[in-house]
Amino acid sequence: MKKILSILVLAIFLNACEKFDVQVCPPASTSSTTNLITSEKAVQVSDVVCKSLNANELIGIQVSIRDSLNEDWSISLGSIDLKQSRNMENYHVLRVGSVTKIFTATLILKLIEEGYLQIDQKISDFYPDQENVRHVTVRDLLNHSSGIVDIFTIPSVFISASNFPDKRWNPNSLAAVCMGKKLDFAPSSKHDYSNTNYILLGLIAEKAAGKKIDQLFVEYITAPLNLASTYLVPYMDTPSELVNGYVHHFALSLTEWYKVTPNNTAWSTLAYTAGAMTSNAGDLSAFTHHLFKGDIITSESLVLMTTFSGDKGLGLFEIAVNNKTYWGHEGEITGFEAITVYNPDSKITISICCNTTPFDIYSLLNEIDAVL
Amino acid sequence: MRYYNVMNQCLAVLVGVLLTVSAHSQSSKKEDDTGNANNAVYASLGGPSIYLSAIYERHMLIKPNYSLGVKGGVGSSFSAVLFPEELSFPIGIFFLYGSKKGHLDMSLSAVPYILQQYDNVRERSYKEARLLYVPSLAYRYQKRTGGFIGRAGISSVINRNRVSTTWTPWIDLSLGWAF
């Protein structure tokens with residue numbers, strides 16, 4: 001009996017141990033400079049990012065800093081996988097989780113501009129049989145004031161996604177389940193973050209425009225801005241440069257590192273238009289820069305988007321960084337962490353993508369901002 | 001088509017196990033006469049059943065300090081809240097160690113599982129069959145002569161699939177009756 005138990009414990013122990021070495025960062029002089037990021041600042045930012053990489057045991061990380069003139073300075077450090085087989089490069093693609101919500105909100109505002117939707121339109125126009133949500137509007141979904149239950153708070157969904165990496169959820173079913181539950185609060189009475197709001201917005205965009213969601217993102221956002229690394233996966237083809245993501249000590253895994261491979265569809269189809277986007281730091285900063293410059297939606301739509309209730313705008317948050325105000329969104333999806341923020345005063349955009357969780361990305365954002 | 005082929009194989013294995021158990025129960029009548037409970041049914045949360053399930057088990061070999069048997073049943077899925085049609089069919093072997101009421105219960109199950117999938121291109125739902133492996137280690141309360149069964153332990157759901165292999169820590173709780 002003791003022998004059997006010893007073998008069992010040894011097997012679990014060996015399976016759990018995967019060694020990960022400290023990563024050596026290349027000299028910052030290898031990165032080009034811009035008017036904002038001088039060679040001196042490049043060294044400082046690189047140093048800050050390298051320290052964060054090793055202190056947080058991150059596998060790989062990308063940072064892009066774009067100035068008001070659209071000049072981009074980017075750096076990628078670390079590796080694309082746990083085996084440290086290849087260095088992380090600026091062209092590699094990572095999942096960006098809830099940063100997707102800025103894209104979805106932008107798409108919805110674009111559809112409103114084109115007359116497919118109205119900001120205060122009741123979603124019962126699209127879901128007439130769902131009694132619980134008959135007073136919820138498109139605006140309520142955009143600024144998280146609908147009261148609709150967050151799909152990510154249903155434990156069995158979470159457990160199922162952990163166990164079946166190739167699970168493909170039906171967003172219509174997910175939305176129907178949440179709409180079938182009693183609202184957490186009366187619509188417009190308060191704000192509470194719910195991923196289901198943005199799943200519903202994706203479904204409503206399809207119904208209103210009569211096109212598939214992948215077509216809509218390409219037509220209105222990624223093609224005009226030439227965002228070559230930005231895809232809604234798996235609703236678009238999985239990009240070949242998409243890297244693995246890793247969760248360190250994931251609660252629902254016996255292994256030390258829980259791996260999320262490019263063809264893992266469980267988390268992305270669960271998130272749909274609330275979090276299925278892949279991109280990289282360069283694409284994110286380009287999108288964010290052009291969004292606030294007014295290249296995608298009109299200034300009227302931008303005013304709508306940046307009218308904050310508390311800290312919540314439409315697909316955006318007001319984020320305090322070293323006593324400055326940035327607009328943007330942080331995103332976390334199993335194995336990946338990202339953020340993109342824009343400072344309306346300096347018009348500087350900072351975007352960070354990382355293929356490891358957990359990671360306090362706000363700390364790194366604060367440190368980078370302090371250097372700027 | 002693939003789904004039905006796998007399901008047919010799983011059903012064939014299940015029928016095979018039940019026939020073996022049935023045949024063995026005829027030949028082991030002598031053991032039954034000793035007063036040992038050879039059969040048990042229990043409701044299970046977690047463990048080889050994955051979520052909620054009904055399990056039947058049959059002791060194949062009973063010795064003074066240990067016993068060995070097979071079990072099988074039907075259960076509902078992790079995401080039963082959303083998809084009640086996702087079913088699991090655990091089939092396994094178990095090993096009980098202990099001569100009185102308390103036993104160390106070790107088991108290994110293969111769990112055919114029906115997974116609800118969605119094809120976003122064709123916009124239709126479909127089902128796929130999967131096979132999970134669930135080793136389990138539990139404490140079991142059960143008198144050898146039968147009666148109430150209580151089990152509590154830990155297990156791991158191992159899913160080796162085309163995307164990655166997952167090892168999920170899991171609970172294993174059961175209440176039932178031995179006869």
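B:Glu86 is buried, its relative accessible area being 0%. In this predicted model, the side chain of B:Glu86 meets that of A:Lys167 in a salt bridge, with 2.6 Å from N to O. B:Glu86 lies in the loop between β3 (66-76) and β4 (87-88) of chain B, and A:Lys167 in the loop between α5 and α6 of chain A, so the pair joins two chains. A:Lys167 counts as buried because its relative accessibility is 0%, where the cut-off for that class is under 20%.

The loop between α5 and α6 of chain A also holds A:Asp166, which pairs with B:Arg130 of strand β7 (residues 124-142) of chain B, so this pair likewise joins two chains. The salt bridge of B:Arg130 and A:Asp166 has its closest N and O atoms 2.9 Å apart. Both residues of this pair are buried.

The interface itself can now be described as a whole. Chain A and chain B each bring 35 residues to the contact. The area buried between them is about 3,100 Å², and carbon and sulfur atoms give 65% of this area. Eleven residue pairs are in polar contact between chain A and chain B, both residues being at pLDDT 80 or more. On the side of chain A that touches chain B, the elements giving two or more residues are α1 (2-16), α5 (155-163), α6 (171-180) and β6 (257-260) of chain A. Of these, α5(A) gives the most, with six residues. Sorted by class, that side of chain A has 17 nonpolar, 13 polar and five charged residues.

Chain B is built from two helices and nine strands. Along the sequence its elements follow the pattern α-α-β-β-β-β-β-β-β-β-β. Of the 179 residues in chain B, 51% are buried. Among contacts in chain B between residues at least 6 apart in sequence, 52% join residues at least 24 apart. Chain B exposes about 8,500 Å², and carbon and sulfur atoms supply 66% of that area.

B:Glu57 pairs with B:Arg140, their closest N and O atoms being 2.6 Å apart. This pair links distant parts of the chain, with B:Glu57 in strand β2 (residues 52-62) of chain B and B:Arg140 in strand β7 of chain B, 83 residues apart. B:Glu57 is buried, with a relative accessible area of 0%, and B:Arg140 counts as buried at 0% relative accessibility. Salt bridges that share partners join B:Glu57 and B:Arg140 with B:Asp105, B:Arg151 and B:Asp172 into one network.

A further buried site is found in chain A. A:Ser268 belongs to helix α9 (residues 266-271) of chain A. A:Ser268 counts as buried because its relative accessibility is 2%. Leaving aside residues up to four places away in sequence, A:Ser268 touches A:Arg95, A:Val233, A:Pro234, A:Tyr235, A:Ala276 and A:Ile333.

Technical notes. Residues numbered from 1 in each chain as written. Chains lettered and ligands numbered in written order. Predicted model: local features only at pLDDT ≥ 70, side-chain atom pairs only at ≥ 80, totals over all residues. Heavy atoms only, no water. Helix = DSSP H or I, 4+ residues; strand = E, 2+ residues; numbered from the N terminus. Buried < 20%, exposed > 50% of the residue type's maximum accessible area, 1.4 Å probe, protein only. Contact = heavy atoms within 4.5 Å. Areas by Shrake-Rupley, 256 points an atom, 1.4 Å probe, with all protein chains shown as cover. Buried area = accessible area lost by both parts, 1.4 Å probe. Salt bridge = Lys/Arg side-chain N within 4 Å of Asp/Glu carboxyl O. Polar contact = N/O pair within 3.5 Å; in protein donor to acceptor, adjacent residues only side chain to side chain. Nonpolar A, V, L, I, M, F, W, Y, C, P; charged D, E, K, R; others polar.
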